[in-house]
Amino acid sequence: MENELINLKNNALSLILEAEDEKELEEIKLQFLGRSGKLTQAIRKLPKIDIEKRKELGVLANEVKETIEASVDEKKKQLKKGILMSKIRKIDVTNPGIKPQIGHLHLVTQAISEITSIFEKIGFVRVRYPEVEWDWYAFEALNFPKDHPARDDWETFFIDGASHKKYGPMLLTPHTSSGQIREMSNAVKSSVSGEISPIKMLNIAKCYRRQSDVSHTPMFHQFEGLAIDKNLSIVNLKGVLDYFVKSYFGEKRVSRIRPYHFEFTEPSFEVDVSCGVCNGQGCSLCKDGWLELGGAGMVHPNVLKNTGIDPDKFNGFAFGWGVERALMMKDGLEIDDLRLIYSNKLEFLEQF
Ligand code: FA5
């Protein structure tokens, strides 16, 4: 019986060694370990054997069974590895690869990073303030009268039911000028004996208004500059405007300021950029040679006071323009409907 078991083991092992695929291995397993397999039948004879010898042979039969099972598993692994290796050998590394599709940043994101780097070069620091704001920051501290049309819910999105004891209703900020109040209040909080550190802020954020037509979207971006120091003047403001216009639109373009009215600046201006199509001569796009970019002005003394800054010691200038509008005014870009930018149309977006 002992010899029979050893012969079975050797037999099985040599068959396993020769096996060429998984199917063959399964057949060998069945041949030896199946219900009527050779080893199973040999084990069935064990009860007839003397008790002392039976124990010894039982251990041996078990060992043979385990060895066959382990050898079948090991051989299966080797076969799999072999298949993989032969597949690898078939790969031609000189074949041209499949090009993955490459996306790119949205054109507004591209514009924001370009605008940021232009202003960073002259010391403006990019900040981020809440888009969901209190009335105090968006209107009240910016010197807006209580009955100003922008504070009506036909112009601004208010958040139902949310109101702060001190700061009033909650809203989606309609302009980045709310960042002016946050920036100046922060400067006052960290001031030492009334002396604030000079400010050069660049706030770029999403803004929301109840507007939608060819030149307005309900969500858009503005970039807002604020400089606060001692003895700043309109000359400093105009210098920054010219620098930006030439850096962003090109050397040939110039800026001009026109008197205007904003509640939070005095004096206030509208900023225009010479038209890139006709070079300021007048054409069907611009009519009179100029395209409107946004607002600017010297910070109103009431705004300084509202944030705790002494207007007799400090003054400053601010400007706020639309990112999408600035983008539309770039040379060679003819976007006749601003809403296209947010339409998710790939045939449009893939051009940038
Ligand atoms: C303002 O929002 C002022 N806060 C700007 C300012 C800042 C003035 C600092 C003085 C000092 P206005 O409402 O004109 O101003 O908007 C400025 C620019 O934002 C516009 O010229 C336009 O470029 C852009 N803009 C306004 N509304 C929309 C809109 N719905 N969709 C797209 N762009 C818009």
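Predicted model: local features only at pLDDT ≥ 70, side-chain atom pairs only at ≥ 80, totals over all residues.
Modeller: A strand is a DSSP run of E of at least two residues, and strands are numbered from the N terminus.

Colleague: Which kind of peptide bond joins Glu266 and Pro267?

Modeller: The bond is cis, with omega at about -5 degrees.

Colleague: How many helices and strands does the protein chain have overall?

Modeller: The secondary structure comes to 11 helices and 10 strands. The chain is more spread out than a compact globule, because its radius of gyration is 40 Å, well over the 20 Å that the globule rule gives for 352 residues. Along the principal axes, the C-alpha atoms fill a box of roughly 115 × 50 × 40 Å.

Colleague: What percentage of the residues count as buried?

Modeller: The cut-off for buried is under 20% relative accessible area. In this protein chain, 40% of the 352 residues count as buried. The chain exposes about 20300 Å², with carbon and sulfur atoms supplying 53% of that area.

Colleague: How should one read a helix such as α4, and what should its 40 residues span?

Modeller: At 1.5 Å a residue, α4 (residues 51–90) should span 58 Å; its end C-alpha atoms lie 59 Å apart, which agrees.

Colleague: Which residues of α4 are buried?

Modeller: The general idea comes before the case. An α-helix has 3.6 residues a turn, so residues three or four places apart point the same way. In α4, the buried residues include Leu57, Leu60, Ala61, Val64, Ile68 and Leu79. Lys75 and Lys76 are also among the buried residues of this helix.

Colleague: Against which helices do the buried residues of α4 pack?

Modeller: They pack against α1 (2–18), α2 (22–33) and α3 (38–44).

Colleague: Let us turn to backbone angles. What is phi of Asn231, and where is the residue placed?

Modeller: Phi of Asn231 is near 60 degrees, a positive value in a residue other than glycine. Asn231 sits in the loop between β6 (219–229) and α8 (234–249). The cut-off for exposed is over 50% relative accessible area, so Asn231, at 73%, counts as exposed.

Colleague: Where is Asn279 found, and what is its phi?

Modeller: Asn279 is found in the loop between β8 and β9 (290–299). Its phi is positive, about 60 degrees, although Asn279 is not a glycine. With a relative accessible area of 40%, Asn279 is partly exposed.

Conventions: Residues numbered from 1 in each chain as written. Heavy atoms only, no water. Helix = DSSP H or I, 4+ residues; strand = E, 2+ residues; numbered from the N terminus. Rg over C-alpha atoms; globule rule 2.2 N^0.38 Å. Buried < 20%, exposed > 50% of the residue type's maximum accessible area, 1.4 Å probe, protein only. Areas by Shrake-Rupley, 256 points an atom, 1.4 Å probe, with all protein chains shown as cover. Expected span 1.5 Å × (residues − 1). Contact = heavy atoms within 4.5 Å.
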